[in-house]
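Reader: I have a model open and want to read it feature by feature. Where do I begin?

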Amino acid sequence: MADESKNLYLQYLELVTGPLEEKKRWRQYKARIKRLPDNYRTAVEALERYLMHFGPADGAGAMEMYEDLADLFEQSAADRTPIRDIFGDDPVEFVEAFMANYPLGQYRTRERNRFTSAIDRAAEQDRTQ
């Protein structure tokens with residue numbers, strides 16, 4: 001009975017707060033980022049803010065992306081790779097390419113292409129009328 005009520009409690013808690021495993025992974029990711037040298041941490045935190053607005057919102061796909069981000073910057077810090085060598089001249093181009101490697105990023109790319117194609121078709125119809 002106690003196990004069953006605890007299970008119901010955890011189910012309710014996860015319903016209200018979201019999956020506990022995802023929260024644990026998020027805390028682990030944040031701890032990894034906190035250990036980076038200042039300049040790498042600043043870059044990751046800026047990238048993270050961008051991803052919060054334009055990247056996958058939540059779920060395992062998003063956590064995989066953030067964990068890969070931590071891997072990239074931990075390795076870059078260990079190799080002392082300059083920040084500009086990681087991002088290149090256009091940080092937005094970097095982050096958009098980075099997001100495209102993840103399921104929701106692929107969805108966004110597909111939808112952008114669909115949108116662009118629809119506008120191209122509409123513009124072509126203008127020329128033929």
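Reader: Which element has the lowest mean pLDDT, and which the highest?

Author: First the general idea. Where pLDDT is low, the predicted coordinates should not be read in detail. Now the case here. Helix α1 (residues 2-17) has the lowest mean among the elements, 59. Helix α5 (residues 83-87) has the highest, 95.

Reader: How many helices and strands does the protein have?

Author: There are 7 helices and 0 strands. From the N terminus, the order reads α-α-α-α-α-α-α.

Reader: What share of the contacts joins residues 24 or more positions apart?

Author: Take the contacts with a separation of 6 or more. Residues 24 or more positions apart account for 63% of them.

Reader: What percentage of the residues counts as buried?

Author: The cut-off is under 20% relative accessible area. Of the 129 residues, 26% count as buried. The accessible surface comes to about 9200 Å². Carbon and sulfur atoms hold 53% of that surface.

Reader: Which residues of helix α6 are buried?

Author: Helix α6 covers residues 91-99. Its buried residues are Phe-94, Val-95, Glu-96, Phe-98 and Met-99.

Reader: Which residue caps the N-terminal end of α6?

Author: Asp-90 does. One of its side-chain oxygens lies 3.1 Å from the backbone nitrogen of Val-92.

Reader: Now Glu-48. Is it buried or exposed?

Author: Glu-48 sits in helix α3 (residues 38-54). Its relative accessible area is 9%, so it counts as buried.

Reader: Which residues is Glu-48 in contact with, leaving aside neighbours within four places in sequence?

Author: The partners are Trp-26, Tyr-29, Lys-30 and Tyr-66. For a C-alpha distance, take Val-95. It is 47 residues from Glu-48 along the chain, and the two C-alpha atoms are separated by 9.8 Å.

Reader: With which residue does Glu-48 form a salt bridge?

Author: The general idea comes first. Side chains of opposite charge can pair when their charged atoms come close. In this model, Glu-48 pairs with Lys-30, and the closest N and O atoms are 2.9 Å apart. The pair links distant parts of the chain: Glu-48 is in helix α3 and Lys-30 in helix α2 (residues 20-34), 18 residues apart. Lys-30 has 31% relative accessibility, so it counts as partly exposed.

Reader: How many salt bridges are there by this rule?

Author: The count comes to 5.

Reader: Which residues are linked in a network of salt bridges?

Author: Arg-32, Asp-71 and Glu-74 are. Start with Arg-32 and Asp-71, which meet at 2.4 Å, N to O. Arg-32 lies in helix α2 and Asp-71 in helix α4 (residues 60-79), so this pair ties together parts 39 residues apart in sequence. Next, Glu-74 and Arg-32 meet at 2.6 Å, N to O. Glu-74 lies in helix α4 and Arg-32 in helix α2, so this pair ties together parts 42 residues apart in sequence.

Terms used. Residues numbered from 1 in each chain as written. Predicted model: local features only at pLDDT ≥ 70, side-chain atom pairs only at ≥ 80, totals over all residues. Heavy atoms only, no water. Helix = DSSP H or I, 4+ residues; strand = E, 2+ residues; numbered from the N terminus. Buried < 20%, exposed > 50% of the residue type's maximum accessible area, 1.4 Å probe, protein only. Contact = heavy atoms within 4.5 Å. Areas by Shrake-Rupley, 256 points an atom, 1.4 Å probe, with all protein chains shown as cover. pLDDT = per-residue confidence, 0-100. Polar contact = N/O pair within 3.5 Å; in protein donor to acceptor, adjacent residues only side chain to side chain. Salt bridge = Lys/Arg side-chain N within 4 Å of Asp/Glu carboxyl O.
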